[in-house]
Amino acid sequence: MSESLTFMMGEFAAEFPCDRLYARNHMWAMPLAEKVFRFGFSAYAVRLLQDVYFIDFDVAVDTNLSSRQEFGSIESKKAESGLYAPISGHVVRVNDQLLEDPSCINIDKYGEGWLMEMQGEPDELLSPTAYLEHLVKAWDVAQRTIKGQANSVESDEE
Amino acid sequence: MVTDNSLHGSTQELLVIVSQGQSRSPEKRALEESIAAMSVTLPNTSCLVVPHLYDLGNDSLTLEKLRSWSGPIVLLSWLFDRAAFWVLDRHGVRGQSGEVQLLNPDLVSDDEDDDESVEDRIDEKADERVANIATRPSRSIYSIDLRSSMVVADYEQEFRRILSLEQIDAPKRDVLSLDRFLNPTNTTALARDGSGTLETLNKSDVTLTQLGIVPLRVDEHPTRRWYPVIDYSRCTNCMECIDFCLFGVYGVDRAETILVEQPDNCRKGCPACSRVCPENAIMFPQHKTPAIAGAPIDAGGFKIDLSKLFGAPDRDEDPVAAAARERNEQLILAGRAAVEMPTGVATSKGAQQADISESTVPAKARDALDSLIDELDALDL
């Protein structure tokens, strides 16, 4: 394995390989060709999700997405979320293997667990170091979001 | 020979349909299997385990079997019970919605008075509801959301209550016993062969499945689908949806009643028509917003929603604006031109739709609370 960076999520050490770029919405971006990237969830995202049970793509290959446009959904043991385009661009491939067995996302997040490939400008992507700086801020927001949802549950119960 | 294992339901028997979830959750799979195994031990009860109902196409073997059943049905699925009932109706398996007591705890209102007032409220549009015009058969279909309970005994209790309600709880067919299997003497056990000539069979030809002692299964692997499902007990045939949708999903039948004519024209992920329906009659059972997926208004989600963390744009839109944006996104994806907002949108009616928005998030179940706290522990906050 090539060099990687580590970010501590509480006790959990999330690893980020340096052989690729990262998107602010916690996807990694592996350059495949000129302006073509393969995307998958970073260790940070997978840790928040935990065991993935279900994924669905709303987008077919050969279509265009704008940055942050919803293109599918994911459900895990603990959480659910839409899937949002990491950059603006053209969808080249989606990993249909995940429909049958999404556990790849947990087992091999930086390899077989990839989500989709897009052709587009890399302007919005971050270097591993810049992504780690982004995580410091994001981790605060994540904790507040999760606590916020938990608190709203508690107040509803009372 | 017993070669025909299609279903020949009578009103003397209950059919339990277990619609398998798409999720790979081991807990969900185990619950489905346990309920199926339990149900066939009950008197006068057969069980059919089927793939996710919503994904089945018109040529489905499963649906063919289900359409041949005329008796009462218990429908178990990982969908909101109202959505599952109307999915089945859309597939031509119709009846009256039976009252269910095993409810999703996340959706039960604490306020009893509130419930009553809703029930007592007189429906001023009763005459316009499609289901009151095109009436369904009288047999009951009891739709149960599998998220209601993870405890098999809760389902057994509910099934027994339903058997009693249907007055078919007398133990005509007993719990599996070897003796009974080898020497079938009662007549209800013959229901599956349809000819009533079981006595003449070589015993080795009779399988447990044909006797209804183990659940029947359909070996079918449908691909995922996405289309709207109409609740005809709410639909007033106003035609807002057919005007709004620019993808040709909707049509009308010979009686000029709205229907989802070309479901596979629907744009995957797009719930826009459901937002413009003035009666909240259009459901997308797989949509992540509970109100669009067929939950009662104000129902909460069940899991932590990470969408904001994973890049969901911050939006503060009313449902009409959301619908217009979603439709435009789909038009562009389809290589067509976006349209000006008012096209096909009746803004006055649409504006009544304020209840369906993305803001119906806060969860409020014991289960949800437990898992949230697990999550907090796990994250060591």
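**Figure 1. Lining of the second largest cavity in the predicted model.** In this predicted model, 14 residues line the second largest cavity. Those nearest its centre are B:Cys235, B:Cys238, B:Cys241, B:Cys277 and B:Ile282. The second largest cavity holds about 110 Å³ of space. By residue class, its lining comprises 10 nonpolar, 2 polar and 2 charged residues.

**Figure 2. Lining of the largest cavity.** The volume of the largest cavity is about 140 Å³. Its lining consists of 15 residues, and B:Cys245, B:Phe247, B:Cys266, B:Cys270 and B:Cys273 are the closest to the centre. Of the lining residues of the largest cavity, 13 are nonpolar and 2 are charged, while no polar residue is present. In total, the count comes to 5 cavities of 30 Å³ or more. Empty space of this kind is shown by rolling a probe the size of a water molecule over the atoms.

**Figure 3. Crossing of helix 1 and helix 6 of chain B.** Two packed helices are described by the angle between their axes and by the distance between those axes. Helix 1 of chain B spans residues 26–39, and helix 6 of chain B spans residues 152–165. The axes of the two helices come within 10 Å and cross at roughly 40°. Helix 1 and helix 6 of chain B are therefore oblique to each other. Their crossing is right-handed.

**Figure 4. Residues in the contact between helix 1 and helix 6 of chain B.** Helix 1 of chain B contributes B:Leu31, B:Ser34, B:Ile35, B:Met38 and B:Ser39 to the contact. From helix 6 of chain B, the contact is made by B:Val152, B:Tyr155, B:Glu156 and B:Phe159. The residues of this contact divide into 6 nonpolar, 2 polar and 1 charged.

Technical notes. Residues numbered from 1 in each chain as written. Chains lettered and ligands numbered in written order. Predicted model: local features only at pLDDT ≥ 70, side-chain atom pairs only at ≥ 80, totals over all residues. Heavy atoms only, no water. 1 Å grid on protein atoms, 1.4 Å probe; cavity = no way out; pocket = protein on both sides within 12 Å on 5 of 7 lines; lining within 4 Å. Points joined across faces, edges and corners; volume = space filled by probe spheres on them. Nonpolar A, V, L, I, M, F, W, Y, C, P; charged D, E, K, R; others polar. Axes fitted to C-alpha atoms, helices over the stretch in contact; angles between N-to-C directions. Helix = DSSP H or I, 4+ residues; strand = E, 2+ residues; numbered from the N terminus. Parallel < 35°, antiparallel > 145°, perpendicular 65-115°, else oblique. Left-handed = near helix turned anticlockwise from the far one by under 90°. Contact = heavy atoms within 4.5 Å.
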